Amino acid sequence: LQANVAERRGLVEHALTAQRVLLIVDNLETVDDEELLTFLRELPDPTKTIITTRHRIDIAYAIRLAGMPRADALRLMQLESETKSVVLTPAEMDDLERRSGGVPLAIQWSIGLMSLGHSVEAVLRRLSQGQNDIIRFCFAESAAHIRGRDAHRLLLALALFERSVNRTMLGEVAGLHDDPIGRDDGLAELLRLSLVNQKNDRFSLLPLTHAFARDELRTHPHLEQELREGWVAYLSRLASAYGGNRWRGIDRAQLLDDGPHFLTLAEWCRRTDNYQILQDITFGLVRYFDLLGQWDEALHTAQAALEQARLADDSATIVDLIIFPIVWVLRGQQRFEEAERIITEAIDLASHMGDHGRQSDALIAYSNVLRNQGQFTQARALCSQAAELLPGVDPTYRIYIQANIEYELGHVARARGDWTGAEQHLLAVRDLFNQPESDPIFTTDRS
C-alpha cells in the first residue's frame with residue numbers, strides 16, 4: 001500500500017509468481033469492481049483461485065452447488081441443534097430438509113430462530129413463504145435485476161410447476177413460443193443468477209426459490225392471470241393427446257416427465273371448482289396413473305369424470321371412459337361382474353349413437369373380460385360381432401379396429417392352447433400394419 005496505485009498490481013503479480021498461492025474470494029456478487037474481475041482473469045501462474053458467488057461468471061471452471069445430499073443435511077441439523085440446544089424430532093428434521101432443499105444457510109437460519117424461542121411449526125411455515133429474511137437475503141437483488149424482462153416471466157411461469165419442466169413447455173406458458181431467442185436468453189440469465197437449476201433440457205426450482213417465485217407471482221396479479229391461463233391451456237392441450245380409444249403412441253418417458261404436471265393442474269381445478277378443465281385432462285391423468293400402475297387412482301379419476309359426462313349427456317366420452325380405463329381396471333382387478341355390467345351400457349350407448357367404431361371397441365373390451373373368465377366361445381362371438389360392424393367404421397380407423405379384433409382372437413386362441421391359431425391371428429396384425437397405406441399407431445388393446 002506504500003507504493004503508488006499504478007505500481008501496486010505489478011508488485012502483487014510479482015509476489016504471486018514467487019510462490020504457490022490459493023486466493024479465496026467469497027461472495028463475488030457483492031463486489032462492483034471491473035478491475036478485480038480483470039485481475040482474476042489474468043492471474044499469473046502458479047496462482048489458483050476459488051470464487052464463491054450466487055451469480056455465474058465466465059472466468060472460472062464452474063462447480064454448481066445444489067442442496068446438500070440428504071444425509072449431509074440431516075447431519076448438519078444434528079450439529080446445529082446440539083450447538084444451539086434445539087430438539088427436533090425425526091419428522092421435523094425430514095420436514096426441514098424438504099422445505100430448505102438442503103441449503104445450509106436455510107438450515108442454520110431456521111435452527112437459529114428456533115433457538116431464540118420460535119416454535120418449530122412457525123419456522124417451518126415461514127420457510128415456505130416467499131417473504132422471510134432468508135429468502136429476501138438470497139433473492140431480493142436478483143429479482144430486482146430481472147423484473148419486467150423475459151427472465152422474470154420465465155421464473156414466474158416456472159413457479160406454477162411443482163416439478164421440472166422442459167424448455168419448450170416453459171416458453172409456451174411464459175408466452176415466448178414465438179420468441180425462442182428471448183426464451184433462451186432469459187433462461188441463460190436465470191442460470192447465471194442461480195435462480196433455476198438445469199438438468200439436460202429441463203428446468204426446476206429449489207424449494208426456497210420456489211417459495212420466493214410463488215410470492216413474487218402473487219404480487220403481479222395481471223401477469224399471474226396471463227401465465228395461469230397459458231399454463232392451463234398448454235397442459236390441457238397436452239393431456240388431450242391421450243383422449244379417445246385410438247390415441248397415437250406418445251413416448252412413455254415423456255409421460256413420466258409430464259404426468260406430474262397433470263396432477264398439479266388437477267389439484268388446482270379441485271381447489272377452484274373448475275371441473276370442466278378437470279374433465280378435459282382426465283385421459284392424460286388416467287394414462288399417467290396406468291403407467292405408474294396406480295389403478296385405483298385411475299379408476300376413481302375416471303369414475304368422477306364419468307359422472308360429469310353423464311350430467312353433460314356426453315355419450316362419446318362416456319363410452320371412451322368405460323372402455324378405458326374403467327373396464328380395463330375392473331377386468332385387471334378381476335371384478336368381472338362390474339366390468340360386464342358397465343361394458344354392456346357402453347355397447348348399448350354406442351349402438352344408439354350409431355357409432356360403429358366405438359361399438360366395435362366396446363365389443364372387443366367385452367370379449368377381453370369374458371376371455372379372462374375362460375368363456376372363450378362367447379369371447380369369439382363378440383369379436384365376430386365387431387367384425388360385422390367394420391364396413392360402417394370410419395375408414396381412417398378401420399384398420400386399427402380390425403387389428404384389435406385379430407389381436408383379441410389371437411389371445412383367445414392362446415388361452416385355449418391353440419398355438420397355431422394364435423400365431424395366425426397375431427401375424428395377421430403384423431401384416432395389417434405392413435401394408436403400404438397403413439399408418440402404424442398404437443391401439444388401446446393392452447392385453
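Which residues of α8 are buried? In this predicted model, they are A151, H152, R153, L154, L155, L156, A157 and L158. Helix α8 spans residues 150–158 and is mostly covered, with eight of its nine residues buried.

The largest pocket has a volume of about 1,400 Å³. Its lining comprises 41 residues. T52, T53, R54, L65 and S194 lie nearest the centre of the pocket. By class, the lining holds 25 nonpolar, 11 polar and five charged residues. Strand β2 (48–51) and helices α5 (104–115), α7 (133–146) and α11 (207–218) each supply at least two lining residues. Of the elements, α7 gives the most to this lining, with four residues.

Five aromatic pairs occur in the structure. One of them, formed by W231 and W268, is edge-to-face. The ring centres of W231 and W268 lie 6.0 Å apart, with 85° between the planes. W231 belongs to helix α12 (residues 221–240) and W268 to helix α13 (residues 252–271), so the pair ties together parts that are 37 residues apart in sequence. Both W231 and W268 are buried.

Y400 and F433 also pair. Their ring centres are 6.1 Å apart and their planes stand at 20°, so this pair is stacked. Y400 counts as buried because its relative accessibility is 6%. F433, at 21% relative accessibility, counts as partly exposed. The cut-off for buried is under 20%.

Methods: Residues numbered from 1 in each chain as written. Predicted model: local features only at pLDDT ≥ 70, side-chain atom pairs only at ≥ 80, totals over all residues. Heavy atoms only, no water. 1 Å grid on protein atoms, 1.4 Å probe; cavity = no way out; pocket = protein on both sides within 12 Å on 5 of 7 lines; lining within 4 Å. Points joined across faces, edges and corners; volume = space filled by probe spheres on them. Nonpolar A, V, L, I, M, F, W, Y, C, P; charged D, E, K, R; others polar. Buried < 20%, exposed > 50% of the residue type's maximum accessible area, 1.4 Å probe, protein only. Phe/Tyr/Trp six-rings, centres within 6.5 Å; stacked < 30°, edge-to-face > 60°.
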